[in-house]
Amino acid sequence: MPTLDLRRLAQDDSVAVVGEWAADDALWAESGLTFAGRVKVDLVARETGSGEIVATGTVSTVLDRACRRCLEQADEEFDLDVALVWSDDAELRGDDGEIRALPTGTDEIDVGEAIREELLLAVPPYKVCDPDCKGLCPQCGINWNEHSCDCSTEEPDPRWDALRALQSE
Ligand SMILES: [Zn+2]
Ligand SMILES: [Zn+2]
């Protein structure tokens, strides 16, 4: 799993953080994120003059998704630019979570949790296969992108039913 080597960073100007997680890695369990391919990370980390560690680069994967309207599989290539910051200065970090706490007593930072958080913020909650997707017929379930049907598209409004019931009493 991709980690940031703090010992190497102490010697070099920058270190690469390159690696990947499998689509079924435990990191994604219960996150609601589902992938159709590996999640790859390609970052370069530097130490700022004031002691923060900044890692910038990209996360790329394929999201395993279905269209919200027609329910067809609609996997989506997804690339995200990220800038991760760690600091051991609690005051600087504040509490908005944008700057993360530097782990103590270790020579490396496991970037997995930070990447999961960035993905959760960035991946849209749903997907539409095409802006013009016609969806499914609510009555017969046929895919309106592929077929048409003879169902009435006017759905009865249940509020009128209640009104009619009152009037007929
Ligand atoms: Zn669709
Ligand atoms: Zn229909």
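The model is a predicted one, in which local features need pLDDT of at least 70 and side-chain atom pairs count only at pLDDT 80 or more, while totals for chains, interfaces and linings use all residues. Residues are numbered from 1 along each chain as its sequence is written, and chains are lettered from A and ligands numbered from 1 in the order in which they are written. Helices (H or I, at least four residues) and strands (E, at least two residues) are DSSP runs, numbered from the N terminus.

E4 and E5 run antiparallel and are joined by eleven bridges; two strands count as paired if DSSP finds at least two bridges between them. On the pairing of E4 with strand E3 (39-47), eight bridges are found, and these two strands are antiparallel as well. Here Leu 43 faces Gly 57 of E4, and Arg 46 has Val 54 as its bridge partner. Five residues separate E3 from E4 in a hairpin, and Gly 51 in the turn has a positive phi of about 100°.

These strands belong to an open sheet of five, ordered E2-E3-E4-E5-E6, with mixed pairing. Strand E2 (14-21) and E6 are the edge strands, each pairing on one side only. On average, neighbouring strands in the sheet are turned by 25° against each other, direction ignored.

Helix H3 (112-122) lies across E2, E3, E4, E5 and E6, and runs at about 125° to E5. Such angles run from 0 to 180 degrees between N-to-C directions, with axes fitted as lines to C-alpha atoms, for helices over the stretch in contact. Which residues of H3 are buried? They are Ala 114, Ile 115 and Leu 119, where buried means 20 or more other C-beta atoms within 10 Å of the residue's own, exposed means 12 or fewer, and partly exposed lies in between, with C-beta atoms placed from the backbone. The three sit on the same side of H3 because they cover an arc of only 135° around the axis, taken from the directions from the helix axis to the C-beta atoms. On the other side, Glu 113, Leu 120 and Leu 121 are exposed. The buried residues pack against E3, E4, E5 and strand E6 (99-101), with contact meaning C-beta atoms, placed from the backbone, within 7 Å.

Pro 138 is exposed, because 9 other C-beta atoms lie within 10 Å.

Methods: Two residues are in contact if their C-beta atoms, placed from the backbone, lie within 7 Å.
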